[in-house]
Amino acid sequence: MRGPTSAKLFGLALLLAGDIADAFYIPSMGPQSFKPGERVPLNVNRVFSEHVPLPFAYYDLPFVCKPQDIRRPWLNIGEVLRGDRIASSDYELTMGQDTECRVLCTKTLTPAANEEAGRFVEQDYLVEWIVDKLPGATVFLKHGADNSQTKQKEYEPGFKIGSYGKASGRAYLNNHVTMHVLYEKRGEGRRIVGFEVYPRSIKNTSGNCPNLKDKSIAPLLVGESKEAKVTYSYSVHWVEDTSVRWTHRWDRYLTATDQQVHWYAILNSVVIILLLSGVVAIILMRMLNRDVSMYTEEEFRDDIEETSGWKLLHGDVFRAPNYGGLLAPLLGTTVQVMYTFIVTILLGILGILSPSYRGGLLTTGIVVFLLMGSASGYYSGHLYRTWGGTNWLKNAVMTAILVPAPIIGAQLVLNMFLWYQASSAAMPFSTIVLLFVLWLFIKLPLTLLGGWYGFKRQPYSEPVRTNAIPRPIPPQPGYMKPVPSILLAGALPFAVIFIELFLVLKSIWQDSFYYEYGYTIIVGLILSLTVCETTVIMVWLSLNCGHHRWWWRAFAYGASSSVYIFAYSVFFYFTRLRAGMPDVAGFVPTLTFFVHSLLISAAYALCTGSMGFFAAYFFVRRIYRMVKLS
């Protein structure tokens with residue numbers, strides 16, 4: 001465990017890494033300067049809701065203005081998978097030139113389009129526009145602020161598509177937007193440091209700009225089954241902001257989370273891990289030292305029939321596990337997933353995965369996962385040979401398909417429903433083909449190479465020999481039966497991460513930015529230690545109860561907190577996504593949430609399951625090596 005001084009040094013290192021990251025940018029994400037009078041493009045992207053996990057491309061909405069010539073930039077695979085559909089627009093933004101009001105278009109809504117506009121407003125959808133890689137933001141004031149000075153602003157990405165009156169049941173569409181584009185001067189150029197959007201609903205069918213000073217003007221009612229005419233308009237104001245540098249322009253998007261919450265979570269986790277470490281030190285070491293000192297060499301053999309507990313299992317504890325041909329590929333893939341998480345988070349700390357890099361987290365995760373195929377093949381092949389396997393090629397192919405196949409299968413089934421709903425979350429057919437090609441030409445060859453090399457290595461040498469006839473397993477006490485013991489093992493690791501888990505789920509399902517990689521590293525280290533110690537304790541208890549088939553149990557104990565992760569996701573769905581809007585979700589949004597939550601829980605289970613397994617494997621080898629039976 002780290003002492004207080006070490007913890008401070010580690011925190012200082014994280015802060016230093018963050019400062020270095022501030023000065024590091026991938027070339028394609030570097031600052032762009034605009035000269036006065038230069039056109040600044042505004043791209044539209046998608047609409048999304050904090051209550052319905054189904055995003056839609058902005059131009060797929062039948063009630064918005066669409067340009068005749070739509071230009072779409074190239075999107076990386078992460079952007080496509082998160083539902084981005086970026087496209088050009090007819091909004092004219094010219095650096096330094098204010099626009100009091102300009103008409104975008106006048107559109108006649110069909111009865112069906114009118115009703116659909118009402119549904120999107122009722123479901124609290126937000127619109128995402130982009131200027132210089134910054135999403136249009138809704139402005140909030142910090143707690144205790146009494147004015148709107150820049151230093152007190154907080155941004156939430158997106159702005160409301162309309163407003164809905166729950167009491168009246170009426171939906172009002174926002175058809176006028178006032179944009180404030182904040183900039184800083186750099187020589188002759190200007191850099192954009194903020195993009196604020198203030199939407200407004202104005203009943204306007206004239207084709208001209210409305211009187212924006214008239215506060216009593218009626219809002220635009222939608223949701224009725226009749227034809228309606230809508231005039232869309234916008235205003236642009238350029239504001240010089242000297243309080244924010246370009247390198248810190250994302251700070252307003254990332255300040256919504258109170259930093260004290262993270263430190264409270266870390267302190268809570270440290271207390272738990274200290275107590276758990278004390279339990280391991282006091283119970284295991286004292287009892288093991290006593291047992292080992294009492295039974296060595298001839299004394300152990302003479303008294304073996306009169307003793308009990310883990311010492312009786314020396315001839316069975318390293319017997320190859322049942323379905324070892326399945327466990328080895330599973331463990332190999334879990335190592336691959338765990339390495340992917342570690343490398344991705346480290347890249348995030350270095351600043352490579354800044355919010356400016358749209359889709360960067362998913363893209364990087366996929367690339368790292370593919371490249372780590374050799375690690376999965378190596379560990380799988382080595383364990384497979386240790387357990388007596390002979391067909392390395394079969395094991396390597398099984399390693400390459402065991403986890404990706406069910407994930408892709410579940411996603412393809414879900415994809416059909418998303419296609420039916422015309423959601424931008426649906427993977428295009430070209431993306432599906434690309435993922436298959438990447439698996440076929442990168443993941444599979446690397447896994448085969450790693451599997452061959454791991455199989456050629458000498459198998460692990462176990463400290464004791466295995467008996468020819470397995471010892472029968474006695475009846476287990478109630479608390480050591482599979483379901484109670486798994487639930488018991490998962491409670492403590494979940495207690496370590498549940499606060500940080502809420503922030504992660506909020507980032508995934510409510511489109512808030514999560515950029516707390518330093519805190520993630522700290523909590524992840526504490527979680528890893530908690531999972532390892534909990535698994536060691538549960539395996540030791542299992543051995544003392546005479547259960548020598550511990551291999552699968554060790555993996556299950558390590559992965560057990562994923563049950564709580566999924567249960568908490570269900571709780572999050574009903575208390576956050578559906579809170580106050582019980583009637584907005586349908587079958588497909590609900591299916592989307594639960595399928596993705598299940599996949600997230602499964603990925604977590606793979607990581608923690610492998611941690612628990614290898615910690616238990618090391619522990620069991622260690623205690624049986626201490627008695628040195630021949």
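Glu184 is buried in this predicted model, at 7% relative accessibility. Its salt-bridge partner is Arg245, with the closest N and O atoms 3.8 Å apart. Arg245 sits in the loop between β17 and α4 (251-254) and Glu184 in strand β14, so the bridge ties together parts that are 61 residues apart in sequence. Arg245 itself is partly exposed, at 47% relative accessibility.

**Salt bridges**

- The whole structure holds 16 salt bridges.
- Glu128 and Arg46 form one of them, with 3.4 Å between the closest N and O atoms.
- That pair links distant parts of the chain: Glu128 belongs to strand β7 and Arg46 to strand β3 (residues 42-49), 82 residues apart.
- Glu128 and Arg46 are both buried.
- Both residues also belong to a network of salt bridges, which links Arg46, Glu79, Arg82, Asp84, Glu128 and Arg358.
- Another salt bridge joins the side chains of Arg71 and Asp69, at 3.7 Å from N to O.
- Arg71 has a relative accessible area of 54%. The cut-off for exposed is over 50%, so Arg71 counts as exposed.

**Strand β7 and its neighbours**

- β7 covers residues 125-131.
- Seven of its seven residues are buried, so the strand is largely enclosed by the rest of the structure.
- Both faces of β7 are covered. Tyr125, Val127, Trp129 and Val131 are buried on one side. Leu126, Glu128 and Ile130 are buried on the other.
- β3 runs antiparallel to β7, and seven bridges join the two strands. Leu42 stands opposite Val131 of β7.
- β11 also pairs with β7 in the antiparallel sense, over two bridges. Here Phe159 in β11 is the bridge partner of Val127.
- Strand β8 (residues 134-135) is a further antiparallel partner of β7, again over two bridges. Leu134 in β8 is the bridge partner of Val131.
- β7 and β8 make a hairpin with two residues between them. Asp132, in the turn, has a positive phi of about 50°.

**The cavity**

- A search of the whole structure finds one cavity of 30 Å³ or more.
- The largest cavity contains about 140 Å³ of space.
- Its lining is made up of 18 residues. Closest to the centre are Tyr58, Tyr91, Trp129, Asn174 and Tyr232.
- By class, the lining has 13 nonpolar, four polar and one charged residues.
- β7 (125-131), β11 (159-160), β14 (176-186) and β17 (228-240) each supply at least two lining residues.
- β17 gives the most to the lining, with three residues.

**Ser610 in helix α17**

- Ser610 is found in helix α17 (residues 587-627).
- Its relative accessibility is 0%, so Ser610 counts as buried.
- Leaving aside residues up to four places away in sequence, Ser610 touches Leu331, Thr334, Val335, Met338 and Phe555.

Technical notes: Residues numbered from 1 in each chain as written. Predicted model: local features only at pLDDT ≥ 70, side-chain atom pairs only at ≥ 80, totals over all residues. Heavy atoms only, no water. 1 Å grid on protein atoms, 1.4 Å probe; cavity = no way out; pocket = protein on both sides within 12 Å on 5 of 7 lines; lining within 4 Å. Points joined across faces, edges and corners; volume = space filled by probe spheres on them. Helix = DSSP H or I, 4+ residues; strand = E, 2+ residues; numbered from the N terminus. Nonpolar A, V, L, I, M, F, W, Y, C, P; charged D, E, K, R; others polar. Salt bridge = Lys/Arg side-chain N within 4 Å of Asp/Glu carboxyl O. Buried < 20%, exposed > 50% of the residue type's maximum accessible area, 1.4 Å probe, protein only. Contact = heavy atoms within 4.5 Å. Pairing = 2+ DSSP bridges.
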